[in-house]
Amino acid sequence: MTLEEYQKKRKFDQTPEPKGKIKKPSKSPIFVIHEHHASRLHYDLRLEFAGILASWAVPKEPPKTPGIKRLAMRTEDHPLDYANFEGIIPEGNYGAGKVKIWDKGTFQLLPGSAKNPQEGNLEFFLKGDKLKGKYVLIHTDDKRWLWFKSKN
Ligand code: MN
């Protein structure tokens, strides 16, 4: 995992987003969901792996209950510092529009889960304000994943 793609896409003399660097992993891995009012409103799910935030763009509101399946498109890894970012990405920049934190907390990988998204499907327990409980991310193809809350 690397921040090369993240940094290549951004002009840090124009965007207030953090340039970031790969950090020491948190004691409890964190997650954050950004509400991103870009050309189209979407939610960015970010999960910490190895001092970086693996990221997925979710076109609809994150699932709070089982039975709702959401498409989640894998996007470039973000720096851990991005977990605190809120602000406005100016017009003419990648992802232009308002970004705010929709939910934030920690997560735990569950037994049977892959260790990271490079290795396969993820099962994890979210401890956030809005999202709590067991969630699954299934890799379908290329950048496409399915994200849903598990029944048990
Ligand atoms: Mn986004």
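I looked up Tyr 135 to start. Tyr 135 is buried, at a relative accessible area of 0%. The model is predicted, and I read it as such. Phe 124 is buried too, with a relative accessible area of 0%.

Phe 124 and Tyr 135 form a stacked aromatic pair, 6.4 Å centre to centre, with 20° between the planes. I noted the elements next. Phe 124 lies in strand β7 and Tyr 135 in strand β8, so the pair ties together parts that are 11 residues apart in sequence.

**Neighbours of Phe 124**

Which residues does Phe 124 touch, leaving aside those up to four places away in sequence? I found Leu 47, Phe 107, Gln 108, Leu 109, Leu 110, Gly 133, Lys 134, Tyr 135, Val 136, Leu 137 and Trp 147. I also traced an aromatic cluster: Phe 49, Phe 107, Phe 124, Tyr 135 and Trp 147 form one.

**Cores**

I turned to the nonpolar packing. The largest nonpolar core has 21 residues. Those with the most contacts inside it are Leu 47, Trp 56, Phe 124, Leu 126, Leu 137 and Trp 147. I listed the elements that give two or more residues to this core: β1 (30-37), β2 (41-49), β3 (52-58), β6 (97-109), β7 (122-127), β8 (132-141) and β9 (144-149). The largest share, 4 residues, comes from β2.

**Aromatic pairs**

How many aromatic pairs are there? I get 9. One of interest to me is Tyr 82 with Phe 85, which is tilted: 5.1 Å centre to centre, 50° between the planes. Why does Tyr 82 count as buried? Its relative accessibility is 2%, and the cut-off for buried is under 20%. Phe 85 is buried as well, with a relative accessible area of 7%.

**Charges over rings**

I looked for charged ends above aromatic rings. The charged end of Lys 69 sits over the ring of Phe 148, 4.7 Å from its centre. The charged end of Arg 74 sits over the ring of Trp 56, 5.2 Å from the ring centre.

**Manganese site**

Last, I looked up the metal. Which residues coordinate the manganese ion? I read His 36 through ND1, His 42 through NE2 and Asp 44 through OD, at 2.1 to 2.3 Å. In sequence, these donor residues are spaced H-x5-H-x1-D. I checked burial here as well: His 42 is buried, and so is Asp 44.

Notes
Residues are numbered from 1 along each chain as its sequence is written. This is a predicted model: local features need pLDDT of at least 70, side-chain atom pairs count only at pLDDT 80 or more; totals for chains, interfaces and linings use all residues. Side-chain values use heavy atoms; hydrogens and water are left out. Donors are N, O and S atoms within 2.8 Å of the metal (3.2 Å for Na, K and Ca); water is not among the atoms, so sites may look incomplete. Buried means under 20% relative accessible area, exposed over 50%, partly exposed in between (1.4 Å probe, protein chains only). A nonpolar core is a set of buried Ala, Val, Leu, Ile, Met, Phe, Trp, Tyr and Cys residues joined through side-chain atoms within 4.5 Å. Contact means heavy atoms within 4.5 Å. Rings of Phe, Tyr and Trp (its six-membered ring) pair if their centres lie within 6.5 Å; planes under 30 degrees apart count as stacked, over 60 as edge-to-face and the rest as tilted. A charge sits over a ring if NZ of Lys or CZ of Arg is within 6 Å of the ring centre and within 35 degrees of the ring normal.
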